Amino acid sequence: MAFDFPALFSLQGKVALITGGSRGIGRMLLEGFLGAGCERVYITARKREQLAETEAAFNQAYPGKVIGLPGDLSQMDDVKKLVEDLSARETRLDVLVNNAGAAWGAEFGQFPEAGWDKVMDLNVKSLFFLTQALFPLLKAAASADRPAKVINIASIDGMRPNPWETYSYQASKAAVIHLTRRMAARLIKDNVVASCIAPGAYPSEMNKAAANNPEGSARGIPSRRVGVAEDIAGGAIYLASRAGDYVVGTTIPIDGGIVNAWMPDEFQDPSGGH
């Protein structure tokens, strides 16, 4: 029997929610999901102006398919309101992408409690409780033949330390990776597949180095370039589509090789291995 490859990677007819979807990686995922055929994609953001701009920009090409729902997901009241707003509009949710996140950097001796709580609340706590609150909508979309999907966005900084003193960020992303495993073990019982993506360097407001100096950032990447929208969107489409139905609890680094193919210069063979 021949594979129907367009259907294998299609998101035709699916309803998705991407948190933090107005900019950066979230916006890249939005573009990919629309191109893959999503029926509707809801996006959240704290800044209403950015949300409205993104909604308007994409609705020119995809009329009525992008709906912005404003809110600060680090606040549990806003998590509750988001779930209420979405539930009033939809009877099911096929794909949830937990992408909203924050970072904080400070020297070890001066790292503040506020920088710990803000990052942990948004990156870990709200991810869990938003998924918990949306579980009825996910179950309504799910079946053994067509599971619903939860895709958590972590970071390669949760897989290995980076040089920056972003203590709560790196700890939070490691927590997301392990939390994905634990959530996956429970959610699969209701035909909801949870998985995770660990992005590397992508140009965004959070990763200003990749945005402002991509050539400099590329020097530390085996692929010798920073990531682009097709890279991260392709991975998310794979996980969200039929192609990713059997990928349960796994974290996929989409990073140009930083985690699994990078070697410090002093260990590289100048002969190229010959």
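User: Is Ser195 buried or exposed in this predicted model?
Analyst: In this predicted model, Ser195 lies in strand β6, which covers residues 192-199. A residue counts as buried when its relative accessible area is under 20%. Ser195 has a relative accessible area of 2%, so the residue is buried.

User: Which residues does Ser195 touch, not counting residues up to four places away in sequence?
Analyst: A contact requires heavy atoms within 4.5 Å. With residues up to four places away in sequence not counted, the residues that Ser195 touches are Val150, Ile151, Asn152, Thr180, Leu239, Val247, Gly249 and Thr250.

User: How many helices and strands does the protein have?
Analyst: Strand β6, where Ser195 lies, is one of the strands of the protein. In total, the protein has 10 helices and seven strands.

User: What is the radius of gyration of the protein, and what does the globule rule give for 274 residues?
Analyst: The C-alpha atoms fill a box of roughly 55 × 55 × 40 Å along the principal axes. The globule rule gives 19 Å for 274 residues, and the protein is close to this value, so it is as compact as a globular protein of that length. The radius of gyration is 19 Å, and the value from the rule is also 19 Å.

User: Of the 274 residues of the protein, what percentage count as buried?
Analyst: The protein exposes about 13800 Å², of which carbon and sulfur atoms supply 54%. Residues under 20% relative accessible area count as buried. Of the 274 residues, the buried share is 48%.

User: Which element gives the most to the largest nonpolar core?
Analyst: In soluble globular proteins, nonpolar side chains tend to be buried together. Here the largest nonpolar core has 36 residues, and Leu17, Leu86, Leu93, Leu96, Leu130, Leu134 and Val192 have the most contacts inside it. At least two residues of this core come from each of β1, β3, α4, α5, β5, α6 and β6. With 10 residues, the element that gives the most is α5.

User: Which residues are in contact with Leu86, leaving aside its neighbours within four places in sequence?
Analyst: Leu86 is one of the residues with the most contacts inside the largest nonpolar core. Once neighbours within four places in sequence are left aside, the residues in contact with Leu86 are Leu17, Tyr42, Leu69, Leu93, Leu134 and Leu137.

User: What distance separates the C-alpha atoms of Glu84 and Leu134?
Analyst: Glu84 is placed in helix α4 and is partly exposed, with a relative accessible area of 44%. Glu84 and Leu134 are 50 residues apart along the chain. The distance between their C-alpha atoms is 9.5 Å.

User: Which side chain meets Lys81 in a salt bridge?
Analyst: Side chains of opposite charge can pair when their charged atoms come close. The N to O distance is 2.9 Å, and the partner is Asp85.

User: Why does the pair of Arg146 and Asp94 tie together parts that are apart in sequence, and how many residues apart are they?
Analyst: Arg146 and Asp94 form a salt bridge whose closest N and O atoms are 3.7 Å apart. Arg146 lies in the loop between α5 and β5, and Asp94 lies in the loop between α4 and β4, so the pair ties together parts of the chain. Arg146 is partly exposed at 35% relative accessible area, whereas Asp94 is buried at 2%. The separation in sequence is 52 residues.

User: Which residues make the nonpolar surface patch of about 350 Å²?
Analyst: One member, Phe5, lies in helix α1 and counts as partly exposed at 49% relative accessibility. The residues that make the patch are Phe3, Phe5 and Phe9.

Terms used: Residues are numbered from 1 along each chain as its sequence is written. This is a predicted model: local features need pLDDT of at least 70, side-chain atom pairs count only at pLDDT 80 or more; totals for chains, interfaces and linings use all residues. Side-chain values use heavy atoms; hydrogens and water are left out. Patches are made of residues with over 30% relative accessible area and no salt bridge: like charges are joined within 9 Å, nonpolar side chains (Val, Leu, Ile, Met, Phe, Trp, Tyr) within 5 Å. Accessible areas come from the Shrake-Rupley method with a 1.4 Å probe; for residues, only the protein chains shown count as cover. A salt bridge is a side-chain nitrogen of Lys or Arg within 4 Å of a carboxyl oxygen of Asp or Glu. Helices (H or I, at least four residues) and strands (E, at least two) are DSSP runs, numbered from the N terminus. Buried means under 20% relative accessible area, exposed over 50%, partly exposed in between (1.4 Å probe, protein chains only). A nonpolar core is a set of buried Ala, Val, Leu, Ile, Met, Phe, Trp, Tyr and Cys residues joined through side-chain atoms within 4.5 Å. The radius of gyration is taken over C-alpha atoms; the globule rule is 2.2 Å times the number of residues to the power 0.38.
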